[in-house]
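Let's take a walk through this model together, one piece at a time. Keep the viewer open as you read.

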Amino acid sequence: MSDGTLQPALQVDALSCVRGDRMLFRDLSFEVGAGELLHLKGQNGSGKTTLLRALAGLLLPESGEIRWNGKNIRSLREEYSRHLLYLGHLNGIKGDLSAVENLRIAATLDGFRLPDSRAWDVLAEIGLKGHEDLPSKHLSQGQKRRVALARLLANDARVWILDEPFTALDVAAVQLLQEVIRRHVEKGGMAVITTHQEVAMIGEHTRTVTLGQMHA
Amino acid sequence: MNTPVPSPWGRCMLEPLFWIIRRDLTIAMRRRADVFTTLIFFAIVVSLFPLGIGPEPNTLRLIAPGIVWVGALLASMLALEQIFSADHRDGTLEQMLLTPQPVALLVAGKVLAHWLVSGVPLVLMAPVLGLQFDLSWDALQTLILSLLLGTPTLSLIGAIGAALTLGLRSGGVLLALLVLPLYIPVLIFGAGAVEATVSGLGGQSHLSMLAAILVASLVLTPLATAAALRVAED
């Protein structure tokens with residue numbers, strides 16, 4: 001697919017995934033380049049989450065290849081993870097730790113140091129002012145989601161893989177998140193997202209891939 | 001927009017290790033009940049034997065090493081499931097697999113934190129329980145030393161089993177079946193060290209074996225556990 005002039009960063013080549021004994025999708029190929037947003041569509045059970053987990057490198061596809069700058073992500077591993085930020089259905093935050101602690105530990109594991117003051121700023125920006133110090137288990141669903149999403153603001157990963165990021169968020173937060181994704185893409189980042197909400201995404205750079213209606 | 005400040009530690013590999021230990025210790029301090037469960041279980045199991053067998057000092061001295069060690073082994077196995085299950089449930093485990101850090105290093109950190117919380121209290125408690133069996137001061141010293149070398153090995157080996165049984169419904173039984181055969185050498189040399197001291201032979205050689213097993217598991221098991229975690233999250 002690539003013509004060699006401008007190498008697309010994330011390539012999916014003839015990918016097939018099987019869950020249980022059901023083929024979710026077969027021979028799926030697409031590319032996501034710098035400054036592009038890929039909106040992944042498909043009905044429930046069509047394999048969106050599976051595809052995202054495969055893109056993140058959590059799941060081994062049945063066949064096919066996922067390449068980052070031309071190299072298979074299975075061989076790159078940590079080198080690829082450095083550029084990646086994945087948010088799944090689970091928020092990935094510890095209930096016993098506060099929002100600030102969660103954010104700072106996530107940052108350290110992602111390989112950079114987030115100063116305390118910066119963490120507080122980021123949490124204020126995402127709308128958690130006044131809740132920074134509370135154990136996360138006392139936060140509401142939407143607020144927990146915001147803690148997880150705060151990583152988007154603190155991180156400088158190139159590729160964002162977001163599985164239903166708008167779930168549990170209120171209108172203001174949905175708008176904020178759209179804005180954050182738009183800024184990321186405008187800066188030359190990449191994003192692959194799934195969502196069932198009809199959100200107005202940045203028009204020209206958005207591409208859509210619809211997973212098939214295969215039912216065994 | 002946001003330029004993350006580069007870490008002043010540079011590429012120091014041990015910084016994430018330090019943070020993961022700190023994180024797990026903080027969480028453990030905020031839910032102390034889990035720590036006490038292990039400790040109380042250990043105390044109950046070991047204390048019931050003198051009551052059941054009767055106050056014959058010679059018999060008690062004879063069975064003491066085995067009973068304290070079996071108690072410690074069971075207590076440490078009881079705590080195993082907690083190593084990864086909470087992280088698996090709230091999604092922090094999958095995030096850990098996606099960081100640029102070597103997973104084996106993070107695993108080592110988690111196991112170390114787990115040992116500090118569940119293993120060290122056992123080591124500290126053991127001499128008190130040993131007194132019930134009329135163990136000599138020499139034997140108590142060897143007991144502490146053998147547990148100090150043995151319990152981290154139990155945590156390291158157990159972590160493989162915990163990772164393999166992650167997310168299974170009756171994982172507890174399977175975990176025991178997987179891990180117990182691997183625990184047996186540690187039990188034999190651990191209890192053997194104390195027995196040898198009681199009988200006057202000296203437990204040096206047993207302790208050296210325990211140390212050797214510890215070093216080997218320290219190097220090998222985090223790699224196996226990391227591989228098992230990748231499978232569990234697939």
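## Two domains in chain A

Chain A splits into domain 1 (1–83 + 157–210) and domain 2 (90–156), with bounds that come from an automatic or database domain assignment. Before going further, some ground rules: this is a predicted model, where local features need pLDDT of at least 70, side-chain atom pairs count only at pLDDT 80 or more, and totals for chains, interfaces and linings use all residues. Residues are numbered from 1 along each chain as its sequence is written, while chains are lettered from A and ligands numbered from 1 in the order in which they are written.

The C-alpha centres of the two domains of chain A are 23 Å apart. Their contact involves 13 residues of domain 1 and eleven residues of domain 2; two residues are in contact if their C-beta atoms, placed from the backbone, lie within 7 Å. On the domain 1 side, helix H7 (residues 171–186) of chain A brings the largest share, five residues. Helices (H or I, at least four residues) and strands (E, at least two) are DSSP runs, numbered from the N terminus. Sorted by class, that side of domain 1 has ten nonpolar, one polar and two charged residues. Here Ala, Val, Leu, Ile, Met, Phe, Trp, Tyr, Cys and Pro count as nonpolar, Asp, Glu, Lys and Arg as charged, and the others, Gly among them, as polar.

Now for the strands. In what order do the five strands of the open sheet in chain A run? The order is S6-S7-S8-S3-S9, with parallel pairing; two strands pair if DSSP finds at least two bridges between them. Strand S6 (84–87) and strand S9 (206–210) of chain A sit at the edges with a single partner strand each, so one side of each has no neighbour in the sheet. On average, neighbouring strands of this sheet are turned by 15° against each other, direction ignored. Axes are lines fitted to C-alpha atoms, for helices over the stretch in contact, and angles run from 0 to 180 degrees between N-to-C directions.

Zooming in on one pair, S6(A) and strand S7 (residues 159–163) of chain A are joined in the parallel sense over four bridges, and Leu84(A) stands opposite Val159(A) in S7(A). Helix H1 (residues 48–56) of chain A packs on this sheet, where it touches strand S3 (36–41), S6, S7 and strand S8 (190–194) of chain A. The direction of H1(A) makes about 155° with that of S7(A).

Chain A also has an antiparallel pair: strand S1 (residues 10–19) and strand S2 (residues 22–32) of chain A are linked by seven bridges. Leu10(A) has Val32(A) as its bridge partner in S2(A). Two residues lie between the strands of this hairpin, and Gly20(A) there takes a positive phi near 65°.

Other backbone spots deserve a look too. Most residues other than glycine have a negative phi. Arg77(A), not a glycine, has a positive phi of about 45° and lies in the loop between helix H2 (73–76) and helix H3 (78–81) of chain A. Ala168(A) also has a positive phi, near 70°, and is placed in the loop between S7 and H7 of chain A. Why does Ala168(A) count as partly exposed? Because it has 15 C-beta neighbours inside 10 Å: a residue is buried if 20 or more other C-beta atoms lie within 10 Å of its own, exposed if 12 or fewer, and partly exposed in between, with C-beta atoms placed from the backbone.

The largest nonpolar core has 125 residues, and Leu103(A), Ile161(A) and Ala191(A) touch the most other members. A nonpolar core is a set of buried Ala, Val, Leu, Ile, Met, Phe, Trp, Tyr and Cys residues joined through C-beta atoms within 7 Å. Beyond four places in sequence, the contacts of Leu103(A) include Leu114(A), Val122(A) and Ala154(A).

Finally, the chains meet: 29 residues of chain B are in contact with 33 residues of chain A. On the chain B side, helix H1 (14–30) and helix H5 (92–97) each supply at least two residues, and H1(B) gives the most, with seven residues.
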